[in-house]
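Please look at the structure first.

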Amino acid sequence: MYISVFWASRMKDYKYTIFTSVIEENINKGILKPGDKLPSVRNIKQEFKLSTSSVQSGYDYLTFKGLVTGIPRQGYVVTKRIQQTDEPHPVPAPVPRDPVFRENIMLTSDQTRYSEFAPLNAAAPSGLFMPQKLILRTMQSVIREKGSALLRYYPANGSEELRDLLSRRSARHGALINPDELLVTDGALQALYIALAATTNPGDLVAVESPCVFSVLEVIASLRLKSIEIPVGYKEGFDTDYLENVCKKNPVKAIVLTPNFHNPTGILMTDNRKKEVLDIAERHHIPVIENDIYGDLYFGHSRPSTIKNFDTSGLVITYSSFSKTLAPGIRLGWLSAGQFFSKAERIKFSLGRSVSPFNQEVINKLLDSTAYERHLRTFRQQLEQQAMTLTDQFSHFFPDSYTHIPQGGYSIWSRLPAATDMEQFYQYCKKYHLQITPGKTFSFTNAYDHYFRAIFSQRITTSELNAIQSTGKAVFD
């Protein structure tokens, strides 16, 4: 590693400090690491026009300070053990953590701690399924075209062009959304937070699906809301008879659900059931908050409708994002707030004036071309193949279990026989490096102790299939 001549003008009145100050500064900043080889005496002499004795004096000075070590016939390197200061750096007390929250994050989201495990627990596309070249090429194009404009605030509600593109795209599958009622958000979870904050007050009761994804339950808890769980059936989805009875007997203030490829079950709600939910909501004047984050990931011939498709009252709040269809690092979502727009707009502003202009422009460019739709067609085919592979494997090696065959999305939901020792089952999962999500994380009750969720958005390899086989043989043979 060589030192730029740029630094030679810094200390012209000195001799060896012209280069030693630079080396010292780079060591302190971590630019030069312990063990890094430093320029030879000859190179320093030539670059900085110094005498041999001046360069040697400089290295002697750095050696005296404990920053540099001389190695015979090799030269000088950064000392591997930098002298410690006499005064130890104060370390604050450990921050209290919620152990239940921490465990659920690990069970539902972790992809790094056990990197050798079959990653069937994190609902995110794998690197192999992300359109990496398309995204990076688009990013480079955005930087070239927009330049320093990306460093400024964008409109608080989001780019007008982006909101128009989102509105037009929704109209193609029958959901008529005015661009002026759209809010661009930092992902889907922020959109849910805004929707709930705009329609409820602390202590209010919210109807949620059962089972329900952990992140939704956590937002509800963070807003100090109460929840009541509505069963999700395998055939048509959300149990509307149960919902009707709950709404008659309880002051429900919002209904939160994922009608298209529900997480964790993967169930697609029928159009009739969606209309029934809306009818109940309108009779009781309850806002419906629907998550459509998986709506584009259908395996059939056409995209499923949303509840928003049938809404004429403005009671339905729909939200989605691009983290499941493109890449989790693109934190960009949107919220159609209906008649609750004014309050949602103020809440959104209080959470941050503007969503990343860079991400907005990247999505703008992708939606304004055919590239995004082409990616979706390929991605859907890959997901369907993965889903079929996993369901076959579970059905074969987990006898007497039930595995729901998904019609889209990311999730497979399986129920093991009631006699299964679940503690032993998860011990074998750990032993054979099979990482799935226990059903208990999807409810405040113990109704799903014999269920588990598997995610098929990661590339399924022979090692994952072998892990399922080994676990099944150990538990059920």
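S12 and strand S13 (residues 411–415) form an antiparallel pair over 2 bridges, where strands pair if DSSP finds at least two bridges between them. Within this pair, Tyr-402 lies opposite Arg-415 in S13. Strands here are DSSP runs of E with at least two residues, and helices are runs of H or I with at least four, both numbered from the N terminus.

This is a predicted model, in which local features need pLDDT of at least 70 and side-chain atom pairs count only at pLDDT 80 or more, while totals for chains, interfaces and linings use all residues. Residues are numbered from 1 along each chain as its sequence is written, and side-chain values use heavy atoms, with hydrogens and water left out.

The pair belongs to an open sheet of 4 strands with antiparallel pairing, in the order S12-S13-S16-S15. S12 (402–403) and S15 (437–438) are the edge strands, each with a single partner strand, so one side of each has no neighbour in the sheet.

In the chain, 15 helices and 16 strands are found. Buried residues (under 20% relative accessible area; exposed is over 50%, partly exposed in between, with a 1.4 Å probe and protein chains only) account for 51% of the 477 residues.

| Residue | Relative accessible area | Class |
|---|---|---|
| Cys-247 | 7% | buried |
| Cys-429 | 2% | buried |

With a disulfide taken as a pair of cysteine sulfur atoms within 2.5 Å, the count is 0 disulfides.
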